[in-house]
Amino acid sequence: KLSISFLETHRFHNTKVFELFNYDSLILKTCFNFKKKVFGEFYKKQNYSYSYKGKNFRNFEEFSSLFQAPKNYFIRYNWYAKFRKPIFWKRPQQEFFIYLIKILKRKDCKVFSIDDLYNLAIKKSLIMIKNGKKSFFSSKLAEDMKWINAYFLIYNENSIPGLKKDKNEKLSRILNDQNQIKACLYFRGDTDDKSTYSEKINTYLNVIKLLSKKSISVYLTGDFHLFLQKLKVKKNIFYSEKFDLNPYEFDSYAKFNCDYFFGSAGGGAWPCIYNKKTFIFDSYPYGFKYPKSLTLEKKLYNKKLKKFIRSDKFQFKDINDLRKLGLFPINNSSNKILGIIKNVIKK
């Protein structure tokens, strides 16, 4: 089996993660620069994420309105099907590579695109649910997010992917972290209003202080540079620059080799499902959770009632829709988060 992955440099895809596992992989770059121009889908330009025919859009809702996408239905369009066929994550360049691979492959070789794999996973998960397995998420999950439910269900049926022993041991020698208890701390800095940054950063600084006092080595990943200058604790703190390691390489090692995983939800947190103990705090959207993990969601404040309310009825609700209703997700207190982490590391 060969895994072929499409790399989009502007989205900071981590290629080093493939080097840690025992399977063959090939990485194809789908975006490139030429005379200061970027060729590739959805590149960022002047704080805009999406552009089409010279017009820029601030978010996917504005962009998708061009093609009359249903409200709050984040759909990916097949650019070679006149924007009408809903697919997952393929780009025109990916379409070209997949077409080329199918031409060059051996006759007895099967090729599965990302759409094929997602659809196969979804079909398998539906069979598993029919046979008694409990779904991770409600049936109201958006159509293009059902693959997440499938992934988590299938993951629970399989073991952790095999890590390359020599590669991981080499990094362990560089970090000199053999026989240490390790915790990966993931900080995602783009999920809150700037007004709450200082409060959020203080929470993470307190978490680092607590773990260091317990003689637990802390591996900083994500947007930790936002608070690195304020970090007074030096003992048992690990990050890529400190050891002159490639940040992607360090990030991959930390997330797949630590005993604990603490931090925000998001793309960078997905490897947490392979750690022994995971605590995701200030999680959003409501209703999202990782397998075998402890999750503390953001509190939900009702501005009209001037009090916090239950979030059960607002699962997977877009934050802009919540704000229109006068509802605001709020981070939990540092003391509450620290109290839960103390219990996690005791067990």
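The protein chain exposes about 21,200 Å², and carbon and sulfur atoms supply 53% of that area. This is a predicted model. Of the 347 residues in the protein chain, 42% count as buried. The chain has nine helices and 17 strands. Among contacts with a separation of 6 or more, 57% are between residues 24 or more positions apart.

**The six-stranded sheet**

- Six strands make an open sheet with parallel pairing, in the order β11-β10-β9-β12-β13-β14.
- The edges of this sheet are β11 (237–238) and β14 (294–297), each of which pairs on one side only.
- Strand β9 (residues 182–187) pairs with strand β12 (residues 260–263) in the parallel sense, over four bridges.
- Phenylalanine 261 in β12 stands opposite cysteine 184.
- Helix α7 (residues 247–257) lies across β9, β10 (217–222), β11 and β12. The helix runs at about 125° to β10.

**The three-stranded sheet**

- Three strands form another open sheet, with antiparallel pairing and the order β16-β15-β17.
- β16 (307–309) and β17 (327–330) each have a single partner strand, so one side of each is left without a neighbour in the sheet.
- From one strand to the next, the twist averages 45°.
- Strand β15 (residues 299–302) and β17 run antiparallel and are joined by four bridges.
- Leucine 300 has proline 329 in β17 as its bridge partner.

**Helix α6**

- Helix α6 (residues 197–213) has 17 residues. From first C-alpha to last, the helix reaches 24 Å, close to the 24 Å expected at 1.5 Å a residue.
- Its buried residues include Ile201, Tyr204, Leu205, Val207, Ile208, Leu210 and Leu211. Lys200, Thr203 and Ser212 of α6 are also buried.
- The cover over the buried residues of α6 includes strands β9, β10, β11, β12 and β13 (277–283). Helix α9 (334–346) is also part of that cover.

**Nonpolar cores**

- The largest nonpolar core has 36 residues. Those with the most contacts inside this core are Phe152, Leu175, Tyr219, Phe250, Phe261, Ile280 and Tyr290.
- Two or more residues of this core come from each of α3 (114–130), α4 (146–155), α5 (165–175), β9 and α7.
- Helix α4 gives the most to this core, with seven residues.
- A second, separate core has 29 residues, including Ile201, Tyr204, Phe227 and Phe281.
- Not counting residues up to four places away in sequence, tyrosine 219 touches Leu175, Asp177, Lys182, Ala183, Cys184 and Leu185, among others. Its contacts also include Phe238, Phe250, Tyr253, Ala254 and Cys258.

**Tyrosine 239**

- Tyrosine 239 sits in the loop between β11 and α7.
- Tyrosine 239 counts as buried because its relative accessibility is 19%, and the cut-off for buried is under 20%.
- Neighbours within four places in sequence aside, tyrosine 239 is in contact with Leu220, Phe224, Leu228 and Phe250.
- Phenylalanine 224 is 15 residues from tyrosine 239 in sequence, and their C-alpha atoms are 9.0 Å apart in space.

**Backbone features in loops**

- Most residues other than glycine have a negative phi, and most peptide bonds are trans.
- Serine 215 has a positive phi of about 60° although it is not a glycine.
- Lysine 306 is another non-glycine residue with a positive phi, near 60°. This lysine 306 lies in the loop between β15 and β16.
- Lysine 306 is exposed because its relative accessible area is 66%, and exposed means over 50%.
- The peptide bond joining tyrosine 284 and proline 285 is cis, with omega about 10°. Proline 285 is in the loop between β13 and β14.

Conventions. Residues are numbered from 1 along each chain as its sequence is written. This is a predicted model: local features need pLDDT of at least 70, side-chain atom pairs count only at pLDDT 80 or more; totals for chains, interfaces and linings use all residues. Side-chain values use heavy atoms; hydrogens and water are left out. Two strands pair if DSSP finds at least two bridges between them. Contact means heavy atoms within 4.5 Å. Axes are lines fitted to C-alpha atoms, for helices over the stretch in contact, and angles run from 0 to 180 degrees between N-to-C directions. Buried means under 20% relative accessible area, exposed over 50%, partly exposed in between (1.4 Å probe, protein chains only). Accessible areas come from the Shrake-Rupley method with a 1.4 Å probe; for residues, only the protein chains shown count as cover. The expected span of a helix is 1.5 Å times one less than its number of residues. A nonpolar core is a set of buried Ala, Val, Leu, Ile, Met, Phe, Trp, Tyr and Cys residues joined through side-chain atoms within 4.5 Å.
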